[in-house]
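Hi there,

Here is the structure I promised to pass on. Have a look at it first, and my notes follow below.

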Amino acid sequence: MQTTLRGVGVSHGVAIGEVRHMGTAVLEPPAKQIPAEEAEREQGRARQAVEAVAADLIARGNLAGGEAQHVLEAQAMMAQDPELMADVDRRIAVGSTAERGVYDAFASYRALLAGAGEYLAGRVADLDDVRNRIVARLLGVPMPGVPDSDEPYVLIARDLAPADTALLDPTLVLGFVTEEGGPTSHSAILARALGVPAIVALPGAGELAEGTLIAVDGSTGEIFVEPSDEKRAELESSAAARKAALSASTGPGATSDGHKVPLLANVGGPADVPAAVAAGAEGVGLFRTEFLFLDDSKHAPSEEKQIAAYRAVLEAFPEGRVVVRVLDAGADKPLEFLTPADEPNPALGVRGLRSLLDHPDVLQTQLTALAKAAEGLPVYLEVMAPMVADRADAKAFADACRTAGLQAKFGAMVEIPSAALRARSVLQEVEFLSLGTNDLAQYTFAADRQVGAVSRLQDPWQPALLDLVAMSADAAKAEGKSCGVCGEAASDPLLACVLTGLGVTSLSMGAASIPYVRSTLAKYTLAQCERAAAAARAADSAEEARVAAQAVLSGE
């Protein structure tokens, strides 16, 4: 008998197949004492295992490329963290085996992360995966991972580590469902990059029996258990129609009555550019430069290295718009040369622009590198600052850009509610706004974007979040300036129509989402989008907002 479950859809498409569960194993080594004379040997074993796991993560990243590469390189750095290794050495020196020393040191660090504020708590799953890989290598047991299967299947897991998600084979893994995670977790972001339908934050997903036939709709977040023949036909027909619409949709983003909405790509570096170009991106709406800095947490990259990376992206979009976000460090992206080590709540502390203003040499080097990278190129360069709180922040950033001789538009990201509430004031200092809806939701609702238990509050359809978007867009319009969205909200085709109706002037998303958004926007007039936006804002919950907007656009 068909039953329906609902999680959070994070990657478009439909997958129909049998359930296969992620392999699991208990990787807690026994607690036993070793003689003092064996400590040095055990410390060597631990270091070798750490280096091997780090090398494996980097190799997986090189194989996967793009966004996945940056995520896995960050995990490799986590494995090699010098403070963690020092703790491992100390534990082995007082009698722990290598595997037990690693396990206990990671457990201690895990507790610190879990209590260190929302952003860092969201990295616990990544840390657990690194620990499991090291301990498994030391114990000589296989790593829990993606199941072996000759037939395509739908993968069910409590959560998916980036190292597993990055190398999923789309010809075998039709889609995946996780109990944990949120719409902006690493698994969700990588699923969209792979083009694999995915649903997260579905409590009880692990109770689905092995071999059960399910249908996964990554757009709606629905799972149909033992779907009827009629439901399967309906989903397959819908998927086919969507695929045909995607193939027929080309050119710049626009509503059916010709209102232009530039569709831009979010990229992390040159490796992401080919997919953006292939998807027909009209430029880059968010160039996340922090991944360049994460290669070495102890030192900032040289000006020459930065110039080369920036120029590779700028050259790919001649006559196009490229919006670069300066280094967004801190919270879940700590850098030893930049980030305070003793903050009680890093997500609410010195991060983003605040870190750069405390280290003006780092900011000036980056701005100078951007200026040199753009020399002689027919590209429309725009540079924006993360975590702008008020006009003073915006002015400090604009002044730094001018000091560096940057010939570009200067902008501010709206990620803190104060920036949305005082958007007209911020716009006295900068020329555009870009809404980072992921962090804006996190700070508006005090809901960590990585924690599945509060995914209801991370939903970008929340009417309060739409109010802040509308407030920012209205301010930009009043000042004759632009206001884009570069958060994950832009990747939802229906929500993209609502954002357009709220007055947003451009949408930026992962390359895989661009065709979906383009084809959906082309179905509706600007007036329909505006009516859908008004209906969504009048609702009292995210689900009601989604249903109300859909009803308007469907003509109900």
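This is a predicted model: local features need pLDDT of at least 70, side-chain atom pairs count only at pLDDT 80 or more; totals for chains, interfaces and linings use all residues.

**What I found**

Residues are numbered from 1 along each chain as its sequence is written, and side-chain values use heavy atoms, with hydrogens and water left out.

The protein chain holds 24 helices and 16 strands; these are DSSP runs, numbered from the N terminus, with helices being H or I of at least four residues and strands E of at least two. Its C-alpha trace spans about 75 × 65 × 40 Å along the principal axes. Of the 556 residues, 58% are buried, meaning under 20% relative accessible area with a 1.4 Å probe, protein chains only.

I then turned to helix 14 (residues 360-374). Its end C-alpha atoms are 21 Å apart, which agrees with the 21 Å that its 15 residues should span at 1.5 Å a residue (the expected span being 1.5 Å times one less than the number of residues). Buried residues in helix 14 include Val362, Leu363, Gln366, Leu367 and Leu370. Among the elements that cover the buried residues of helix 14 are helix 12 (303-314), strand 12 (380-385) and helix 15 (391-403). Just after helix 14, glycine 376 has a positive phi of about 80°.

Best wishes

Conventions: Buried means under 20% relative accessible area, exposed over 50%, partly exposed in between (1.4 Å probe, protein chains only). Contact means heavy atoms within 4.5 Å.
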